[in-house]
Amino acid sequence: MILQGKTAVITGCLQGIGFACMQKYASEGADIWACCQKQNPEFEEKIAKIQEENKVHITPLYFDLLNEADIKNAMKELLKNKVPVDILVNIAGMTGDSLFQMMSMDVLRKVFEVNFFSQLLITQYVVKLMVRNGGGSIINVSSISALDGNPGQTVYSSTKAAWIGATKTLAAELGDQKIRVNAIAPGVIETPMTANLPESFYERQIGRASIHRLGKPEEVADLMAFLGSDLSSYITGQIIRIDGGIGHA
């Protein structure tokens, strides 16, 4: 198990890539602080089952990504526990798609708050724990839309592009503290967030991919496990595409 003995903080654990990452990390032996927006009895039942199956500890942390005070209180609880944190995976996100000329500034601010600002704040707190612990790995979720652009996704693409700049800068800044920082750029992955996209969008993206299908959350989680583990100990400052070959079309 490549994450045995490590502790991870993962955002966006309720569904999609975040839930798959939590499952994968647990199966690889990591204890987890599972961050979600709201308390959910069904989610807690799933956590209990994953814990039992993998003999790890999963602690839910509930807070609203649009509420800075809420985030700070949750992070202070994390700090008070004095548990070493080895890995941070910033996954939580939303879209807010619209054509540029119809784009709302309120939506722009909200999506930036959820996708970027809130998790940058979480990163500040977790870095303190990593420095105390002698190092760690931070994994941010960008998107191929940040690298390639995608009509109707100015807001989403911009927030994901922000992670590219932050990832490269933090990798340079935190390297001396033995903290690695990387980002992944998923293509179209089968998640609740992409389920409502038009069929024409799926057909276009699948047609562009070398592997002619959508990606699965579990495939993204596998990459996240690798980047969180010591197997990637010489990798930092990288933006890694996981898109089925869309970038090579």
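# Briefing: cores, cysteines and helix packing

Lys-178 lies in the loop between α6 and β6; helices (H or I, at least four residues) and strands (E, at least two) are DSSP runs, numbered from the N terminus. This is a predicted model, in which local features need pLDDT of at least 70 and side-chain atom pairs count only at pLDDT 80 or more, while totals for chains, interfaces and linings use all residues. Residues are numbered from 1 along each chain as its sequence is written, and side-chain values use heavy atoms, with hydrogens and water left out.

**Loop residues**

- Lys-178 has a phi near 65 degrees, a positive value in a residue other than glycine.
- Lys-178 counts as exposed because its relative accessibility is 63%. Buried means under 20% relative accessible area, exposed over 50%, and partly exposed in between (1.4 Å probe, protein chains only).
- Asp-176 sits in the loop between α6 (154–174) and β6 (179–186). At 76% relative accessibility, Asp-176 is exposed.
- Lys-55 belongs to the loop between α2 and β3 (58–62). Its phi is near 55 degrees, again positive in a residue other than glycine.
- Lys-55 is exposed, at 63% relative accessibility.

**Nonpolar cores**

- A nonpolar core is a set of buried Ala, Val, Leu, Ile, Met, Phe, Trp, Tyr and Cys residues joined through side-chain atoms within 4.5 Å.
- The largest core has 34 residues. Ile-10, Met-22, Tyr-25, Ile-58, Val-89 and Met-224 touch the most other members.
- Two or more residues each come from β1 (7–11), α1 (16–27), β2 (31–36), α2 (41–54), β4 (87–90), β5 (136–141) and α8 (217–228).
- The top contributor is α1, with seven residues.
- A second, separate core has 28 residues, including Cys-35, Ala-92, Leu-121 and Met-130.
- Met-224 is in contact (heavy atoms within 4.5 Å) with Ile-17, Cys-21, Tyr-25, Val-89, Ile-91, Ile-139, Val-141 and Ile-184, leaving aside neighbours within four places in sequence.

**Cysteines**

- The whole structure holds zero disulfides; a disulfide is a pair of cysteine sulfur atoms within 2.5 Å.
- Cys-21 is in no disulfide, and the nearest cysteine sulfur, that of Cys-13, is 7.0 Å away. Cys-21 is buried, at 0% relative accessibility.
- For Cys-35, the closest cysteine sulfur is also in Cys-13, at 6.3 Å, too far for a bond. Cys-35 is buried, with a relative accessible area of 3%.

**Helix pairs**

- Axes are lines fitted to C-alpha atoms, for helices over the stretch in contact, and angles run from 0 to 180 degrees between N-to-C directions.
- α1 and α8 pack at about 55 degrees, with axes 8 Å apart. That makes α1 oblique to α8. Angles under 35 degrees count as roughly parallel, over 145 as roughly antiparallel, 65 to 115 as roughly perpendicular and the rest as oblique.
- The α1/α8 crossing is right-handed. A crossing is left-handed if the near helix is turned anticlockwise from the far one by less than a right angle, and right-handed if clockwise.
- Residues of α1 that meet α8 include Ile-17, Cys-21 and Tyr-25. On the α8 side, Pro-217, Val-220 and Met-224 are among them.
- α3 (residues 68–81) and α4 (residues 105–133) pack at about 15 degrees, with axes 10 Å apart. The two helices are therefore roughly parallel.
- α3 also passes α4 in a right-handed crossing.
- The α3 side includes Ile-71, Met-75 and Leu-79, and the α4 side includes Leu-121, Tyr-125 and Leu-129.
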